[in-house]
Each structure stands twice: as C-alpha cells, then as structure tokens.
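Please look over the assembly shown below.

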6 protein chains.
Amino acid sequence: MKKFVAFGEVMLRLSPIGYERFVQAKQFNVFFAGGEANVAASLANFGLDSYYVTKLPAHEIGQAAINEMRRFGIKTDFVVRGGNRIGVYFCEKGASQRPSKVIYDRGASSIAEAKRDDFDWKSILNGAKWFHFTGITPALSDNCIDITLDALKVAKESGVAISVDLNYRNKLWSTKKANEVMTELVKYCDVLIANEEDAEKVFDIKAGKTDVKEGKLCDEGYKEVAKELHNRFGLKIVAFTLRESHSASYNGWSGMLYDGKQYYKSKKYDINIIDRVGGGDSFCGGLIYGLSSGMDNQSALEFATAASCLKHSIEGDFNMMSIDEVQNLMKGDASGRVQR
Amino acid sequence: MKKFVAFGEVMLRLSPIGYERFVQAKQFNVFFAGGEANVAASLANFGLDSYYVTKLPAHEIGQAAINEMRRFGIKTDFVVRGGNRIGVYFCEKGASQRPSKVIYDRGASSIAEAKRDDFDWKSILNGAKWFHFTGITPALSDNCIDITLDALKVAKESGVAISVDLNYRNKLWSTKKANEVMTELVKYCDVLIANEEDAEKVFDIKAGKTDVKEGKLCDEGYKEVAKELHNRFGLKIVAFTLRESHSASYNGWSGMLYDGKQYYKSKKYDINIIDRVGGGDSFCGGLIYGLSSGMDNQSALEFATAASCLKHSIEGDFNMMSIDEVQNLMKGDASGRVQR
Amino acid sequence: MKKFVAFGEVMLRLSPIGYERFVQAKQFNVFFAGGEANVAASLANFGLDSYYVTKLPAHEIGQAAINEMRRFGIKTDFVVRGGNRIGVYFCEKGASQRPSKVIYDRGASSIAEAKRDDFDWKSILNGAKWFHFTGITPALSDNCIDITLDALKVAKESGVAISVDLNYRNKLWSTKKANEVMTELVKYCDVLIANEEDAEKVFDIKAGKTDVKEGKLCDEGYKEVAKELHNRFGLKIVAFTLRESHSASYNGWSGMLYDGKQYYKSKKYDINIIDRVGGGDSFCGGLIYGLSSGMDNQSALEFATAASCLKHSIEGDFNMMSIDEVQNLMKGDASGRVQR
Amino acid sequence: MKKFVAFGEVMLRLSPIGYERFVQAKQFNVFFAGGEANVAASLANFGLDSYYVTKLPAHEIGQAAINEMRRFGIKTDFVVRGGNRIGVYFCEKGASQRPSKVIYDRGASSIAEAKRDDFDWKSILNGAKWFHFTGITPALSDNCIDITLDALKVAKESGVAISVDLNYRNKLWSTKKANEVMTELVKYCDVLIANEEDAEKVFDIKAGKTDVKEGKLCDEGYKEVAKELHNRFGLKIVAFTLRESHSASYNGWSGMLYDGKQYYKSKKYDINIIDRVGGGDSFCGGLIYGLSSGMDNQSALEFATAASCLKHSIEGDFNMMSIDEVQNLMKGDASGRVQR
Amino acid sequence: MKKFVAFGEVMLRLSPIGYERFVQAKQFNVFFAGGEANVAASLANFGLDSYYVTKLPAHEIGQAAINEMRRFGIKTDFVVRGGNRIGVYFCEKGASQRPSKVIYDRGASSIAEAKRDDFDWKSILNGAKWFHFTGITPALSDNCIDITLDALKVAKESGVAISVDLNYRNKLWSTKKANEVMTELVKYCDVLIANEEDAEKVFDIKAGKTDVKEGKLCDEGYKEVAKELHNRFGLKIVAFTLRESHSASYNGWSGMLYDGKQYYKSKKYDINIIDRVGGGDSFCGGLIYGLSSGMDNQSALEFATAASCLKHSIEGDFNMMSIDEVQNLMKGDASGRVQR
Amino acid sequence: MKKFVAFGEVMLRLSPIGYERFVQAKQFNVFFAGGEANVAASLANFGLDSYYVTKLPAHEIGQAAINEMRRFGIKTDFVVRGGNRIGVYFCEKGASQRPSKVIYDRGASSIAEAKRDDFDWKSILNGAKWFHFTGITPALSDNCIDITLDALKVAKESGVAISVDLNYRNKLWSTKKANEVMTELVKYCDVLIANEEDAEKVFDIKAGKTDVKEGKLCDEGYKEVAKELHNRFGLKIVAFTLRESHSASYNGWSGMLYDGKQYYKSKKYDINIIDRVGGGDSFCGGLIYGLSSGMDNQSALEFATAASCLKHSIEGDFNMMSIDEVQNLMKGDASGRVQR
C-alpha cells in the first residue's frame, strides 16, 4: 500500500443543524476538518496508507480529532500532542441566494504554535511516495513556514512527489507575504492545484475575463494562468477546479489540467449541493490518487472531478466515496438510481 | 435609532421536523410568529428600535413568545400579559408538487380577546416614526378592529407613517366583512402591500389575466390594481409581491411598486425554497426599512425584494438577514459563494 | 368499505439521518416497509379496508412493525406471529450524482420461513375485492411461492381481482427462476405493473431502445412490451412507471397503461426528490384505488401517477397523501402553494 | 376478547426535550393523551378489545391523534370527527425539588363542544363488558355531562360494569359543581378510583391526617374515606393510589382497595421517575384488567400497583407494559436486571 | 425597577448531548454562560433591570451570545463589540462516580483583550443599585484588573452596593497573584461569596477540618473563615455555599452567611443533579436579590439556597426559576408534585 | 506497547433514544459492540496495542463497525471481510423497576459462519502478550468452537496469557453443550472471569445461598465457586463481578478475585446507572490491564472494579475511561466534583 503524507491543521468544525443560521442554533454538528486533513481522508478512503501530520492539544477535544481521523482510516502515528488549543471554525450552510458563511477562530492553535523539532521528517517521510500541503499551513505562523520547508526539503531529497493546493486565505496573511512565501515553497512542488481566485491572489496571475461573482469562467484565461504557473515554478502538473456558482444550492463543477504539453478539460457536472466545503480538497485527493496510481492525465482529471463532484453530496469536509463509486460516475452513471 | 411599532398577534408555530407530514411527527419545531411580528423582527434585525404590541397569556408559553422576540431584538415593553391562550398554528413543509399545509388554532387567543384599554396608544406611539399592521389583526375579533382603529387614529394625529399588508385570511372572516372593515382602516394608511390574491379578495379588484394556480402573473393586471388601490384610498405607495409558484420547492419572486406616478418593477429571483412562510412579511419589513431610511422607490423595492428572497432560505417566519447581506444580493451577488 | 388484501414481507428500514452516509451514521431513522405493505398503506390511506398478511416474530420489534401498520390504518388481523426475525434493510439517501444505496439483510425472516398452514386464505380473502402481491415475495423462499399460489388460487376461485408488481430483485433469485415462477403466478393476475427493467429481467421482454442509465425512455418500446405481456398472460391491464433518472435529486416521472385496446400515457411530473423509495408501490396503490373505484383507465392512470409523484415528497416508504391531495394534483395544481 | 369502552378527551401533549424548561424549548415531543384514553391504552396493551370514544377535529392533527391510538391498539371506530380543535396541554418535566408543570389549553375543543347525538351509545356499548370515565370529562362542558349520563344509563341498562376515576381538575370547574355533578354520576358506578386529594376536593371527605405536601400518608384516614365513599354511593370497589412525593425524581407508590368488607393494601414501590404523568390512569387500567379478568381483590390491586409503578418508567402518558412484565414485578422481581 | 450591573465574560459553552463523553459527541448543545453573566440571568429572571457588561466579537457567534442574554431578559445595551473571539468552554456532564469535565479555551478573548476606554463606567453605573463581579474576571488579563478597578471606584463613589464571588480558577492565575489582586479588589466590596475552596486558595484562610473530596464539611471551620474574611476586608456580609459531593448525580447543598454579628445556616437540600454548573452563581443571584429586596439575612440566605438548589435541575448555566417557584421551595414544598 | 488480541463477534447495537420502549422508537442510536470487542476497546483506551479479530460483511455496515473500532483505537488489521451479515442486537434501556431488554438477531452472521482458514493465528498472535475470548463466541457455531481452539492452541504454544469470560447465553446453546465445550476451552486459560450466574449455568457449580433476583450475594458461596473453578481447570486467577441489582437505575457493584492462595474483595460502589451493558466486559478489560501491567492482585481487582464502575456512567458498550480517571476513583475520589 502506498504511503501518503499530508501536513497541516485539523480544526473542530461547528455547524448549525440543517439550514439554521448561527443566531438560531441550539446545537452544532461536530466535524473535524482541515484543507490537508480532508485530502488525507480522501486518500485513506481510496485505500492508501494515508498519514496525517499535525499537532493537537493533549485534551479530549484533541483526542476526538484524532479519533475522527482514525475512524475514517487516516493514520495518526505522527500526530504530536501538546499546545493549547485546536483551531475552530463555525460553518453555516447557505441555500439559494444566501451564501454559506465561515467564521474562523484558529489563532494560537497547537499547530500554529508548533516548533520545528516537534516533527522528525526523516522518520515521517520514510518510505513515502507523496507529500501534500496547502497554502493555509504556512499562513498559520512563521514556525509553520519553517516546518513546511523542513518537510519539503526532506521530501525532495527522498524523491517523494510533492503537491500543493494554493488555497489563499486573506484572513491569515497578506497577498504580499503569501507571494513571498509560496514562491519559495512552490519551487519544491511537482503538482499545483488552485481554484479561480488563488493564482491571482497569491501570484498576481490573472485569469483574463473571469468574473467570479458572475460564475462565468473563461477557458482561455485559465490556460494562460496554468501555463504561467507551469513555467514560473517548473511544475509537472497544474490543475484547476472550475466552479460555476449559480447559487448556494446549485453549482457547475469541472476541472482542468495542464502538463506543460497539453490542456485537459473534464466533464462538467451540475450539482445540487448538500455541503460544498471541502470540495476543492476532494479534487486534490482524487487527483493525487489518479496520478499516483498510474492513470493518464485525462483519467486522473476525470477521477478528481467525479470524486469532488460526489463530495458535494456529503455532509462534512471529508469525502467518503469509494473508488468504485467515483468510477461509476466517471463512466457516465449520474442517474442517481438506487443501488440495491 | 428610529422607533417602529407593529401591532398584531404572535402565535406559537409548530412544525414537523424536515419534510415529515403531520401524521408522522414525533417532534415539532417551536417557532413564534405572526404577520406583524415577522415585520417587527425584520426591522429589529435591520437595527431599528422595533416595538411589538400584542397581548399574551401570563403563563410560560406566553413568556417563551416574549423571550423569542427579545432574542431577535424586538422590544416587548408594550406587550400586555393576560387572557387565556396564545394562538397556535401547525405548519407542515411541502416539497416538489406537495404544498405546505397550515392548520390554524387561533380562536379565543389573548389578543383576539384583548380590550381597548389594554393598550395606551399615546404612550406606545410616542416618538414613533412608523406604524404597521395587517389585515389579519382586525379579522381576529371586533375588539381588534376597535383597537386597530384606536392605534391608527393616534398614529395619524401624531404624524406616524402607516403601512398595511392586506393579508386576507378566509378562515377568519368573510370577504364582505373584510371589505367593510379594511375600507375603513386603509384610509389611514400611507403604504399598502399585498400579494396577488389579496386585492381581489378584500376589495374585489381583479388583476386581469392572472391565474394564481398556474403561477402566471400579468404585469398589466397588477398595474391596474395598483392604480385602483392608490386612487381609491389616497395611498402614497402600493406594492405587490409577485410569486411564481412553480412548485413547493422552487418559486420565482419579485416585487412591484406604484407611487401614483410611476410603476417600478424589481429584479426577479429564482428561489430554492427552505421555508417560504413569512416571505411576504419580510418584503414588508424590507420595504418599510427602505422607505423609512430614505432610499428612492426603486431601491426600496429592490431592498424589499432581495430581503424577502433571502428569507426563503431561512427556517421559521423571522427574517434574519443583515442589511449588508441584503445589499450584497441587491448588488447582484447571488452566487451563494462561501463567505469566509 | 372495500376489502383489499396484500401479502408479503414487512421489513425494518434503517436510514441514516438526512444525507449522511452509512459510515457517518450515529442514529438510524426507523421505518417499516415492504413492497406490498407499502401498497396496503396507500390503500388504507385512501379509505379502503386494507389488510396486510405477513408473518412477524413475536418480539417487540415485530410488534413495532404491527403498530406502525396499524398507525397508518392497515388492518393487521391476519398477521401471524412467530419465527425468528424481521427482515432488515439499510437505506442511505443519495443526492445529486450520488445514488441512494440499499443493503438488504432479509435472510431467514419469519415470512421467508413461514409455512403454508400459517395462512388460512379462505378466511383471509373472505369478502375481499382485490388481492395484491409482488415478485419479491415468491423470491423469498420456496415456501413463499407455495403460499402465494395458495392465495392466488383462493382469490381466483372467489372472483377477487388480482394485481402483481413484477419487482425483480436480483439478490433474491436468478432471472431464470424468476421467469419460471412468475410465469406461473402471473397467469392468475388481472393487472400487472412493472418498471423499466422488470419485464426484461423477469420475462426477457426488452423495451427496444431504452437505456436505463441514461434516463431516456422510448415510448414505442414500452408499448411493445406491454402488448407482449398482455398477450402472453391474458392480463386485463398492464401498467408501467416511467422514471427518468436525471439525478438522485431530480427525476421525471410518468406512467403508461395498456388495456389490450389502447395505450394511455399520463402527464409527466418533474420531481425534486425527498425520498423515492416506495415510489413504484405508491403507483400500484394509486392504480388499484383508481381501477377498483370505477375510474376510467386514463383517470386511474393519472391518479396513480399523481399519487406516486407526491410519494416522492414523503419520508419513508408509505405514501401519506389523501384522495383530495392526489386529485388536486391531477387537476393540475402543482404549484405547491401553501394550503391554509 | 372482552370489549372495553372509555369515553373522554384525547389531547395533544407537547413536552420540551428532556428536562428543559418551557422557555428553553426549541422542540416539543408530541404525545397524545387523556385521562380515559390512557386507560384505554393500558387495556389495549393488555390484550382487551379496547374502544375509545371521543370527538376530534377533521384535520390532520386530529388524524394524528387517531393514528397514535390505533398504533397502540386502541379501537377508534367510534371516534367522531368534527368541531374546531383538539385540546392541548404543555407538560414540562421536573426534577429533584423542581416540580413538573402542566399548562392546559383545552377550551372549546371538539369533545367539549360535542353534542349528545354525536354518540349512539346503544351501538357503542353493544357487547361491552366495562365502561370507564373520569371526573375530567363532565368538567369539560355541560354537554359532556349529558353525554356521560347518556352513556352511563345505557351501560347500566346493559349490565356493563362501570368505573370512574374522580380526577378533580380545579381549572375546569369548582368543587361545588364537581360535587353536584359527580354525586349524580358516581351513583351509576361499580368501581371508584381516586388519589389522595380527589375525595376531599370533590366530596369533601377528608383523609384524616394526610398532608399532601409533606408526602406523608395515613392509612387510617384512607380507610375512613374509602368506607364513606363506599357507603354513600353503593360502590363495589373503592381504590386509592397512594403517592409519597419525596421529590420530582423519587416517589413512593402503592395502592389500597376497599370492597365493603375488607381493606387491601399493596406492596409499596420506591420509584426513580422517568415520567409520572398518567400514573394514576395506568393504575385504573391495571385494576380494571385485574378485576375484569377474575383476579381476587388483592391480586387485582397488586397488578394495578405494579402496572402503574412501571408506568413511571415510560415516556408519555400511555402505559406500555405487557401482562408478563407486570406479573414479573408483582412476583417480586424489581431488580431491573437485563432481560436477554 | 432596580438596576443591577454585572461585569465579566460570557462564553460559548459546548456540551455533548446527555451523558456522552467528549470523544463520543457528534453534536454539542450550545449555551452561553459566564460566572457573572449567570448572576445577571438570575436577576433578570427575578425581574430586576439587569445589565451585563462585557466585550464580544462583532461576528455572528458574538451576536448569538447577545441574543441569548436578551432572550432571558438581560439588558445588553453596554456590551461592547470588537476583538477577535468569544471564549469557549467544553463541558461534559458526569454521572454517578464519573465527574463532569470542563475544558477551557478562553485565551485571547475579546473581553480578556478589552481596554479601559471600552467602558464608560459613569454612564454604565448611572442609577445602579448593585454591582457584581467575580474572581474570574481580573484573572483574565491585567487589563481586566484595571477595568474592574475602574468599575469598583465609580461604584463606590456612587454608593452602589458591591458583591464579589471569589471563584478561584487555577488555570487562569496563580494563588499568589490572585491573593495580591483580590486583596485589593475585595476592599471595595460589601458582600463576598465563596465556596469551600476559594477562601483557602485565594487568601490562604483554611476551613479547619474540611476535606473537599470526602464531601464532609465542618461548620466551625466555616465560621472561622467567615469571621476572618469579614474582619480582614470590612465586609458587611460573607456567605458560603456548602456542597456535599456524594457523586456527580447526587449532592447535598446548603449555604451559610455571616454578617459580623451572627452566623446563619440554611436548610440543606439533597439534590438529584441535572446540571450543576452555575450552581454557585445562582446562589449569588438569589442572595443579591434577597438582600437588595429587603429580606432579612436568614430569608435572603434561604432564598439564595433554594434558588440555587433549583438551578441544579436546569440544563445550562442560567437559572430559570421564578420568585414564586423559589418561594414555594423555601416554604417547604420540595415534593416535586405536578403543578397544573 | 503490549500487544493484546481478542477474538469474537462485533454486533450492530440499536437502542431507542433515552428511555423509550422499542414500540415507541422512531430512531435508534447506533453502537457497535460485542463481549470481546468491548474488552478490546477498554484495552485500546488504556493504551495497549489492542487487536480485534472477527469477520464482517464487505458492505458499508461492516465498514462502519470497523470504523467505530478504529475510532476508539482498536487495531483492525486482522478483521476478515466477507459473509452475509453483521449480527444485530436491539437494546432497550430500563429504568427503576423496568428492566433493560435485549433482543438478539445474530444468526448466520459473518463470524458465526466464518471458517478456520479465515484466520492465520500464527501471524495474528505473533508477539502478543495476551489473548481473550468469552463463552459467547464458541456458542455462535461449531466453526467458532474450532476457530477458538485453533487460537488457544497457538496462544498456549507461544506463551500468550489467556483469559476467558464465561458469559453464558442461553439463547445460543444449552447448558449441556456449554459445559462440554467450555470444559475443553477453559483448560487453556490462565484467567477466568464470571458473574453470579455463569459458573452455575456452565459448570453446574452453585454459589451457595445467592438469590440473583433478590440482589443478595453471599461471599462464602463465591469463595467456594472460585476455589472449585480454580482447582478444576488449573487456573491462575478466578475473578467475579458481584452485582447487587436494586433496580434498573441503581446497583451495587464490586468484584472478587481468587488466586489459589487468597481471596481478594474490592471496594463496593453504589451506582446510578446510565448504561450497564458492557459492565462485565469493562471489568475484564480492567483486570487484564491490571494483571498485565504488573499490579498486585488487590490493585488489579480494584482497578477492574473502579473501571467497570465508571463504565456504568457511559452510553454504549465501550468503556471510555482513561487510566488516570480510573485511578482517581481507586484512590477514593467518588465525589463526582467538576474537573476543570
């Protein structure tokens, strides 16, 4: 079984029941989630030996985070315990014209305050085939930048494939700092994944005529951006998720991929949304699975898109679709007929 | 902060969980609601000094109604306690071709049996800028007609702007009595709001070729009705909500307004419905906010329509959208993208 | 009141809350259901004297099944108690491109292991007007084939109308055995109902160019199949449900009927799905009600289609729509407007 | 199977979840209950042919009441549909020193406004062995007094045994009117059941030194009261429930019975309370079952006391203990050991 | 109506459902609570004009905290909005020998980082009769010490009565710092409330032979402590809550009070616990109500003890007992009999 | 970390919410449990390398069982997938005099139909320190007897310590067969655990004057039984759980141990029960932990008794108490005071 390693935060996600607004909530659904943890969950679910590396407080809420990861097959052997708190995010589900809303309370978390010697990357990455991180983790703290760099260096030396999801978070750092740091980190990467805003925000590379709010996407623009990213960082693969946001209830979803030679575009799915948070992460998970299991680029892209399409039908950030289920959709069965 | 006053009933709303039918219900969700109370909630939410005037029994269910209003910012200083019961309505949520169903149990409520001297309108309306009521309240009892008249007279004398939502309820009174009473009451009003059926039911003014069941609405017809209402009662503003009922899950929604000079039509929204009860009330709330805060007529109408569009995504009758959220939609962001 | 009798299994249905996947579930919603029991529920709901015949274990879960049937008006006087277990099925609700999933655990149930002398059909069918079964029941066990035959013979002798829903279940028997057995049983029937796959699976009669996964249905094909079934078994009525599976959230739904002389096609409904399990059964229920209450064939078909359209908006397998509600939809009111 | 008939109200009971106070409740648990309906439920559960006679509105909440009764085996053939509303009672569960709280909203219910010709007692009581009512029903309205009298006369003529539970409700009528009416009605009765307060409130017969609030009960006092009731009304059996209210969580519970010759006292149970509402009714149910199935007086009393002891462990008003379960406790197994 | 002011933190309390452990939780119940906020809730509930002063972030979770306070009658006019986060505490309910468990995540909250000029105490305390704080607030930050001092000085100058609950929290500060700071602050106070551990921890005043874990309390020891506190700080009233912790399910509860002349001891209650968090705060609330409404010391103590006894039967930190309910218990009715 | 291995069934446990009876349930709580799995959970929780060996169907409910075990730290590497079903047990929680009720539906489960070559015991037990099974597993099927024997032989050869919990289940086999089989299997064991009924049922060794229903236990009787078991099977340790069943809500609980030389008796705990299912298993878990970690016999017994006392406060079969929490209770802190 292939060993996959992701590094980042895992947060406590608190969501009102159904479509309640925060101010109506009497109960919160409890999930645990995080950009990279979601990818680890996807890969555990696809049968990889999927390790998640993070730091969590020693108390029971920290333990609950570990338990949830274990439950869905993530290996937690390298999770460090200590520090003061687990980051929290409150997530209210939107509907129709009302957008979903996320409130972060992630400051001073155990992972943000982790230290370089908390993690022995030689041992963690021993035997690993793939390492994944996102632009969120280095945004957490300067320590996290250093730790990520440590990981990337060991990974590079050991021939571990490296992927990054740009995932720009404006509440965590400025575009200026993101640009500086990510420019350094992306140099180590083989695969870069981004959505329609990230490349512009982080690297000031603009996708021609795309207007995010209108939900209109322009293929040509994306191609330019992909090419520029590919060239600037010497990447093997650049991939985008293309979301058409018709409303909080209904989205178009597809992906594209550029390998330096050719542009690939996936099938587009029209989605009735159950929970779209983690959609991009499930695309990363699908793409990594596809690329690392020897699919050709078009198939890997289709796998990633189908997997992440299906994620939108699942409560919580973790994608819980099996390889078979993803492949059924890839093969064209989107009929939703009852499987008996 | 502007003082706004509404008068009417507040009821206990009992709804099965999710899409359960009444006969399946093992639990009811508990809301408190009422045509005018819903407007008061909208205005409290938009930051006005929003007072609700009603009568509630002295027991704990009456107290719970007060608590719920207070929770969402409504001032309850003028709520009278006494009488025997709080009105109840059972509300089953429909889906697709199955309509929502409302069963009223509102007879002999404290407010229906309230007396004129329960309310000291001079003191209640002291300093108020706006007074709102609906056609439901005078339908509750003859006492309620008298009390409403008392309020209207004091309001008129004090220069308080007055709005009415026709809201015809055939279970409460005949069209004949409604016609008589509302003809008297509307004379005091500055602003009248109605939906596609009310004008015909109450004042026998027919909107040309509209067939409510078909969900088809005819602009010309509405203009005629608006003009007729405007002229007959000397109103400043007549506004309509225009609902296209495609199914219990999916509606078109827009508004129109006539100010004696010009017809204004709002943007139309296609809505995936979470809970449509209170939709018209949230339009009133938005319109009153818009008009009383100095928006021009088109903007006030757009604000009202956007606010009430968003209400359809919220469980319960109270609209819980902030001014910012409404304005974002007015400005065209209906993409439902996650707000982080 | 007309006496209606159905025979078959009633199972414990366990469903995760909302759209949770099985592996996420902390609670299961508890329903009781079964192909024929669902029809009995429809008919009880339409006011018939609706008896359900089955065998259930003597313990409290068996009792709960009886209680649930009684609750919805089914007469349980002829339910036999004994045997070891009630069949169970786990049912996960799909959404958008993710299909619903059913896991059966129905082996060795009390009804599968029932014996011929558990049921005194003379007494059970005394005074009955209609008998209904499906292709599921004889698939449960050889005993069940014999018991069904016993019932059919008594029914035939007594002039009871007989209907069958083909309902092929590939986990219960082979197409070969199904063909043998159903060929024998259908000979007793007056009315046969099937969906797009059953006729092919059970009788190897193919509906020309229909591709189930694509959700495309070909009218001509269905007519051929209906004609062939009608001729082969001397049926009075052959009816089909025609489902267009766009996704797990959205389906087209209509029916057709052939009476040996003419083809009837119903109105088609576009449905936002709440719970589609039991949709076909509610069509049977509607059709039996229509035919047995003297509607003409077109009306009976429209009633069946409208009733089953509405079923898709209801949680659980049992259809809970009244005659009035079905007729409102038949008459064209699909607007979903609030009924006050 | 013996036919048993009870007459009275069935109400919608709305209870906050767990130990929440009314003002905290976001959901209410939905039960249906009523003094006599609870007795009917007990007897249906013990296998009698148990009919409940009442009037319920024609709407779906009325239907839900019928469904709930049917679910638990009560025959609803003689339930009349019509009138305006079902009575409601709100019930908050107490704990420790905090008492449970009941708020009634039962005015103008269908049963309170029922008319004499709604009920054909000859047909209803045809073949019946036992008729039961409580002091609540005649307190609902003068019509209800007449209807009760009608029933009693037919029952008396037909040799049906008659039981009454005094059940004084001070919110429904004065002690004076209760005295007048019940004096008339009790004359028809064979069996009278009461708790520690009823005899005093209704008939001004005082149980010597009992102080209800102190939870102290005096045997001698009860004997005097029983004797006086027996003599005054020519009763065959007078029975009391004896509750020692230590707190809302913990009660002592026993019963006594007087047959004109001898005083019987039951075993006393110390109870950890789950839901004590309906405790007295379940005693009536047990006693009627015991007496009508030929138990001797001591056994009938022990059965009644054990049955009602167990009721305190059950959510809702209906007792759901089987004969076997009651008898196990009667025989002395109060260990609560797991039954596998 | 008397104006009461409390100052401190209000936190988001997250509790697993029922008796689940943290690691089992799939949902958290949402409460808002805080030592002083709980007192404010008590006093609002007793009808005082109860103001709470704190700082909360401008986001919706902060708003939800305000809404919850408003719901239960607390005036929030002086709540400052801003800062980064609301403190959180996770609270797992224990049972029998398993203790309840609290995990704090309160660092860097808006109130801990509030500044002196956030609060205009002249205006806040204008017209106030009473000011209350606890030892928790100055422990939050040095700023909070200064703000508290500001408040105390204005209160003192204005003749506002001042009470403090020692409430030592070892996770927030050392006993040494607590001693220094509280020595300064308590000098301003009229009334001091403490439990069995606080006086020792904060002021190193030991209650002779009390062993907290054993749940044994020694009256003499408490008297010594009370006297010492009284003398050291020139207090008018020193009061203690006396908890006998038999288990997480069952406690003894009483209070004592010393006024410099006499020792008063309350009745002792044996409590079946529903939720004991906030028990001490509800004692403070009861005592302040009693003392400020002119009760004599014994009555005020009994009122406080009865009120806080009843709090143990209520979910969440806020006490929701009315004056009548408290007085019923004071008068000796602890029977828990149903109130109809 | 020590490797521990348990072998047996894991079942789906379905329990109504709170204290509902089966016939009231609309939802079931979902747990996964089994005699040996519960022990494995205890040991995983205490930090051992705890492996569970079973066979589960390949479908998602089987996967959910694995996920739940992983969640709580059990290693599932040796779980075999296949077969038809997971055993189910329905578990209704009793209260006061009403006992809890368990309905088994475990026939034809994957583990009952497992084959000897499904398990490679050499590899499974490689490096193990301890092996545990119960009398339930060999009762499932003859195959299970063989598989257990295979395991015992390998364990014995490899010097793995072996423990057995007698756990007689009369629904699975006769006392005669149990006697035969267990006589053979217990010969391999070092440690035997039993409750008050098992020794008598399985080996016809009677504990003198104990009357289980009375909840009275006689020390002398237990000593005789322990001695007899010790001698008959050459055991190192015989231990008993001693349950005093006062009611379903309240039990006494203690343990005793005999090592061939001395009798040890634990402290006795009086327990308010939350969920007593799995109580005996948690005693086994505690005892194995104690003995295998080098505690002396008295300490190991106290640890086992304290751990299992605490289990009674936890929902579900798995014990979720940490070593620290158990030791706090062992040391005498049963006060249930809030841990902050």
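In α10(B), the buried residues are B:Ala300, B:Leu301, B:Glu302, B:Phe303, B:Ala304, B:Thr305, B:Ala306, B:Ala307, B:Ser308, B:Cys309, B:Leu310 and B:Lys311. A residue is buried if 20 or more other C-beta atoms lie within 10 Å of its own, exposed if 12 or fewer, and partly exposed in between, with C-beta atoms placed from the backbone. This is a predicted model, in which local features need pLDDT of at least 70, side-chain atom pairs count only at pLDDT 80 or more, and totals for chains, interfaces and linings use all residues. Residues are numbered from 1 along each chain as its sequence is written, and chains are lettered from A and ligands numbered from 1 in the order in which they are written.

**Helix α10 of chain B**

- Of the 15 residues of α10(B), 12 are buried, so that the helix is mostly covered.
- From first C-alpha to last, α10(B) reaches 21 Å, close to the 21 Å expected at 1.5 Å a residue; the expected span is 1.5 Å times one less than the number of residues.
- Helices (H or I, at least four residues) and strands (E, at least two) are DSSP runs, numbered from the N terminus.

**Contact between chains B and A**

- Chain B puts 20 residues into this contact and chain A puts in 23 residues; two residues are in contact if their C-beta atoms, placed from the backbone, lie within 7 Å.
- On the side of chain B that touches chain A, β15 (269–272) and α10 (297–311) each supply at least two residues.
- β15(B) gives the most to that side, with three residues.
- The side of chain B that touches chain A has 10 nonpolar, six polar and four charged residues. Ala, Val, Leu, Ile, Met, Phe, Trp, Tyr, Cys and Pro count as nonpolar, Asp, Glu, Lys and Arg as charged, and the others, Gly among them, as polar.

**Contact between chains D and E**

- Here 23 residues come from chain D and 20 residues from chain E.
- By class, the side of chain D that touches chain E has seven nonpolar, 10 polar and six charged residues.

**Fold of chain A**

- Chain A has 11 helices and 15 strands.
- Its radius of gyration is 19 Å, close to the 20 Å that the globule rule gives for 340 residues, so chain A is as compact as a globular protein of that length. The radius is taken over C-alpha atoms, and the rule is 2.2 Å times the number of residues to the power 0.38.
- Of the 340 residues of chain A, 63% count as buried.

**Nonpolar core**

- The largest nonpolar core has 759 residues, of which A:Leu192, B:Leu192, C:Leu192, D:Leu192, E:Leu192 and F:Leu192 touch the most other members. Such a core is a set of buried Ala, Val, Leu, Ile, Met, Phe, Trp, Tyr and Cys residues joined through C-beta atoms within 7 Å.
- Leaving aside residues up to four places away in sequence, A:Leu192 touches A:Val164, A:Leu166, A:Val186, A:Leu229, A:Phe233, A:Leu235 and A:Val238.
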